[in-house]
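Subject: Structure handover

Hi,

Here is the structure you asked about. Please open it alongside this note, as the findings follow below.

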Amino acid sequence: MQTNKKILVTGGAGFIGSAMIRKIIQSSDHTVCNIDKLTYSGNLSSLTSVINSSKYTFEKVDIVDRKEIKRIFQKFRPEIVIHLAAESHVDRSIDGPSEFIKTNIVGTFNLLEEAKSYWISLDDSKKSSFRFLHVSTDEVFGDLKNKFGFFSEDSSYNPSSPYSASKASSDHLVRAWNRTFGLPILITNCSNNYGPYQFPEKLIPHMITNALQGKSLPIYGNGKQIRDWLYVDDHVNALLKVSLEGKIGETYNIGGDNEIENIEVVRMLCKILDDLIPIKKKSLNSYTDLISFVKDRPGHDQRYAIDCSKIKTKLGWKQLENFETGLRKTVNWYLNNTKWYEQIQDGSYRLERLGIYSQ
Ligand code: NAD
């Protein structure tokens, strides 16, 4: 990595943000300020390995609170902002979209406005090296109806869910703050991530934790939906590369070059679990016997596929993990960290956060 930078990370207690902060603190001299509201998906225990570092600070801040954002910019004086904080679960956006509008759209607007006032106040040298990286999703492009074609950086936006629509809105705001005010922004649109510390409502950890607890493995519809999976550390490497070396105003797609049907992902997980801890229930032969098909999610996208050749050719990024080994690493992590997800499932991690949990 390059010279030391002061990096403001939003949403650093979440799945990708915590992987990003662990990587920065453990393998560089950059300093990090993590601002996170600690919603249901934010978990400071994902950061225990870095929490005592002098290069790390945490501020419990809601990005919807503009005064607080201003205070953080003045106090920390970042050189790079990596904006990950978001409501991120499609099912929750269908049940209750309003938090998605507040955090993903209003929160991003606040960050842009405060980043702009701060950036304008910088001297020329600091002004020219400042960067604001907005981390977004391939879901803004909508879905591909057949097995051909890929989303490129030029694909038009066509979001399906309240989640993807709110992320699409935030992408538009970020681009507008560059075109209208010159704010030095970058945008990334990434495919589905997987890996350690992912909140157990998302497909892969949900299936692993259910299987380990002998619960059913519910698959939406026929399970034929296709997603492109990327190991979280590969995403983090890409984000750091874009924030340090990307061209101002540009968008970079990030993906795994790894398209798989959901049902196939679950079968692969079951096979790994069958190898590692053969199922104990006498009535079952394999974890695959726990698979059940449930009513499809409304507006469920059929296929996402990302063409990530731009970031590969322009910035020299590539994926380092393959899906087989990444999935095995992930299963092993959940097997060795049962306390991490059990605290989430029984709610005690929230009590611990409030200081009323001791164990
Ligand atoms: P996550 O849900 O695990 O983490 C989100 C974090 O943001 C949590 O720590 C939460 O407490 C925090 N947060 C939420 N609302 C906040 C607010 N108002 N103020 C401050 N903090 C708030 O999500 P993730 O999977 O780590 O995703 C991070 C980002 O990456 C999101 O912007 C998401 O759209 C994007 N993304 C995710 C994926 C994926 O597969 N997970 C893929 C592409 C892009």
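Contact here means heavy atoms within 4.5 Å. Buried means under 20% relative accessible area. Keep in mind that this is a predicted model.

**Helix α1**

Start with α1, residues 15-27. The helix has 13 residues. From first C-alpha to last, α1 reaches 18 Å, close to the 18 Å expected at 1.5 Å a residue. Of its 13 residues, 10 are buried, so α1 is largely enclosed by the rest of the structure. The buried ones are Phe 15, Ile 16, Gly 17, Ser 18, Ala 19, Met 20, Ile 21, Arg 22, Ile 24 and Ile 25.

What covers them? The cover includes the strands β1 (6-10), β2 (31-36), β3 (56-60), β4 (80-83) and β7 (192-194). It also includes helix α8 (232-245).

**The ligand**

- Gly 14: a polar backbone atom sits 3.0 Å from an oxygen atom of the ligand.
- Ile 63: a backbone N or O atom is 3.0 Å from a nitrogen atom of the ligand.
- Lys 167: an N or O atom in the side chain is 2.6 Å from an oxygen atom of the ligand.

How much of the ligand does the protein bury? Taken alone, the ligand exposes 850 Å², and the protein buries 96% of that.

Two residues have a positive phi without being glycine.

Arg 77 has a phi of about 50 degrees. Arg 77 lies in the loop between α2 (66-76) and β4. Is its side of the story buried, exposed or in between? Arg 77 is partly exposed, with a relative accessible area of 35%.

Tyr 197 has a phi near 65 degrees. Its place is in the loop between β7 and α7 (203-212). Tyr 197 counts as buried, because its relative accessibility is 17% and the cut-off is under 20%.

Over to you.

How values were computed: Residues are numbered from 1 along each chain as its sequence is written. This is a predicted model: local features need pLDDT of at least 70, side-chain atom pairs count only at pLDDT 80 or more; totals for chains, interfaces and linings use all residues. Side-chain values use heavy atoms; hydrogens and water are left out. Helices (H or I, at least four residues) and strands (E, at least two) are DSSP runs, numbered from the N terminus. The expected span of a helix is 1.5 Å times one less than its number of residues. Buried means under 20% relative accessible area, exposed over 50%, partly exposed in between (1.4 Å probe, protein chains only). A polar contact is a pair of N or O atoms within 3.5 Å; within protein, one must be able to donate a hydrogen and the other to accept it, and residues adjacent in sequence count only if both atoms are side-chain atoms. Accessible areas come from the Shrake-Rupley method with a 1.4 Å probe; for residues, only the protein chains shown count as cover.
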